[in-house]
Number of protein chains: 2
Amino acid sequence: MLPDLTFYSHWRSLAAYRVRVALALKGIAHKVVTIDISTGEHRRESFLAINPQGVIPALGLPDGTVLSQSLAILEYLDEIRPRPPLLPQEPAARARVRSLALIHAADVHPLLVPRVRARLSQQASIDDGAWKHWAHGALLPAMQAMEALLANSPSTGRFCHGDAVTLADIGLSSQWVAMALFGCDTAAFPTASRICASLGTINAFAQAHPLRQPDAPGAARGEAQ
Amino acid sequence: MLPDLTFYSHWRSLAAYRVRVALALKGIAHKVVTIDISTGEHRRESFLAINPQGVIPALGLPDGTVLSQSLAILEYLDEIRPRPPLLPQEPAARARVRSLALIHAADVHPLLVPRVRARLSQQASIDDGAWKHWAHGALLPAMQAMEALLANSPSTGRFCHGDAVTLADIGLSSQWVAMALFGCDTAAFPTASRICASLGTINAFAQAHPLRQPDAPGAARGEAQ
């Protein structure tokens, strides 16, 4: 019997996207509470009482415990519901999978969040064009590294690590969604492109896309069609 | 019998510091190869052949596999040498520990690395004073969140989670070293301060400090006395 989980989420958040994919892959029942990061709801006292860091995603457990940080939540979900596994068995393989996920989640995504955009705007007068340039500068070098790590390893299969979906695929897919949102050219990344095409055939990934969430604006949902 | 590990490191890297602490805590034999990030050695072809992302730390295994990303390496070390454990047993406790580590490693540290400083300097004419302001803006809100999570939880003990050192302490300590390097006031963080004082009495932490590494410049080592 799994706990009754509360998923604090917002359609725009890539970190929430990663958790959404894992919840779907594992078929874990949960309720969704929308925290509108576009209006600063995550910074209000009511949400800071839930997660003092004021970020989503967060995952509330029935005993009042609140988990945060997408990768910590993904590992938690993998531990409470081990099937299908999101990590391989062997330690070096697990490290490879985790490191691929971290390249996006720890090196790229933190540079693209709204609070960084706000700080760049305030401290460095970054406008929309410069923001896109900044985002490309974060996304593309990391993508080149991920492509090299995927293309040059015999461990790469249909997905990032063999033929089963892992945390690495959730990280890659999150990176890929960000690349699309920022209009990055993907031609230089054929291995990642092939893997993401495979991932796109899996309902858990397709249905989790930010623009397909019920809290996404109608216009944005239209773009996703 | 443990593998013969090669640790690609540099005294200045906080991510290398995190791995250095774990290697020491677990008493894992390894050789150190210095990659001088101050001269761009990590971006040269010779190192890109080892780690295509061009970042340290990296951990070379005897079969030629190279692991990267500090948190992936920490989990690997914990799996190949489970004593002393760096994670508690229970899934929600493990998630708490991982999320505390990720607040620093995934939300703060990526904003402080040399490549971000270089981009800010090039794209936004950030000078030394503005860089310090930028760093404080990354460090202090996260520190406030960590302090709240530590101060308000019955799970906090002598260390971040109970009375045994975990990944969370390695993350907190890395954050604390960064706060000191950037001259942040720590008065508002009594729980973190108390824990870091305890950590400072442990050789694995004290000896791993960036300024105590043999590749640190003499002047810098003098400051650490």
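Reader: What percentage of the interface residues of chain A are also interface residues in chain B?
Author: This is a predicted model: local features need pLDDT of at least 70, side-chain atom pairs need 80 or more, and totals for chains, interfaces and linings use all residues. Residues count from 1 along each chain as its sequence is written, while chains are lettered from A and ligands numbered from 1 in the order written. The copies meet through the same surface, so the share is 100%.

Reader: What rotation superposes chain A on chain B?
Author: The shift along the axis is 0.0 Å, and the RMSD is 0.0 Å. That is a two-fold axis relation. The rotation is 180 degrees.

Reader: Which residue of chain A comes closest to the rotation axis?
Author: Distances here run to the C-alpha. At 2.1 Å, the residue is Ala106(A).

Reader: Are α4(B) and α6(B) roughly parallel or antiparallel?
Author: Helix α4 of chain B spans residues 91-108, and α6 of chain B spans 128-151. Their axes lie 10 Å apart, at an angle of about 170 degrees. Over 145 degrees counts as roughly antiparallel. The two helices are therefore roughly antiparallel.

Reader: Which residues of α6(B) does α4(B) meet?
Author: Contact means C-beta atoms, placed from the backbone, within 7 Å. From α4(B) come Leu100(B), Ile103(B), His104(B), Asp107(B) and Val108(B). They meet Ala138(B), Leu139(B), Ala142(B), Ala145(B), Met146(B) and Leu149(B).

Reader: Which residues have the most contacts inside the largest nonpolar core?
Author: That core has 136 residues. Met146(B) touches Leu100(B), Ile103(B), Leu172(B), Gln175(B) and Ala192(B), leaving aside residues up to four places away in sequence. The residues with the most contacts in the core are Met146(A) and Met146(B).

Reader: What is omega for the cis bond from Ile56(A) to Pro57(A)?
Author: Most peptide bonds are trans. Pro57(A) sits in the loop between α2 (45-48) and β3 (58-60) of chain A. Its bond from Ile56(A) is cis, with omega near 5 degrees.

Reader: Where does Pro84(B) lie?
Author: A cis bond joins Arg83(B) to Pro84(B), with omega about -15 degrees. Pro84(B) lies in the loop of chain B between α3 (70-80) and α4.

Reader: Is Gln69(A) buried or exposed?
Author: Gln69(A) lies in the loop between β4 (66-68) and α3 (70-80) of chain A. Its phi is positive, near 75 degrees. Buried takes 20 or more other C-beta atoms within 10 Å, exposed 12 or fewer, and partly exposed falls in between. Gln69(A) has 29, so it is buried.

Definitions and conventions: Axes are lines fitted to C-alpha atoms, for helices over the stretch in contact, and angles run from 0 to 180 degrees between N-to-C directions. Helices (H or I, at least four residues) and strands (E, at least two) are DSSP runs, numbered from the N terminus. Angles under 35 degrees count as roughly parallel, over 145 as roughly antiparallel, 65 to 115 as roughly perpendicular and the rest as oblique. Two residues are in contact if their C-beta atoms, placed from the backbone, lie within 7 Å. Copies are superposed by least squares on the C-alpha atoms of residues with pLDDT of at least 70 in both. A nonpolar core is a set of buried Ala, Val, Leu, Ile, Met, Phe, Trp, Tyr and Cys residues joined through C-beta atoms within 7 Å.
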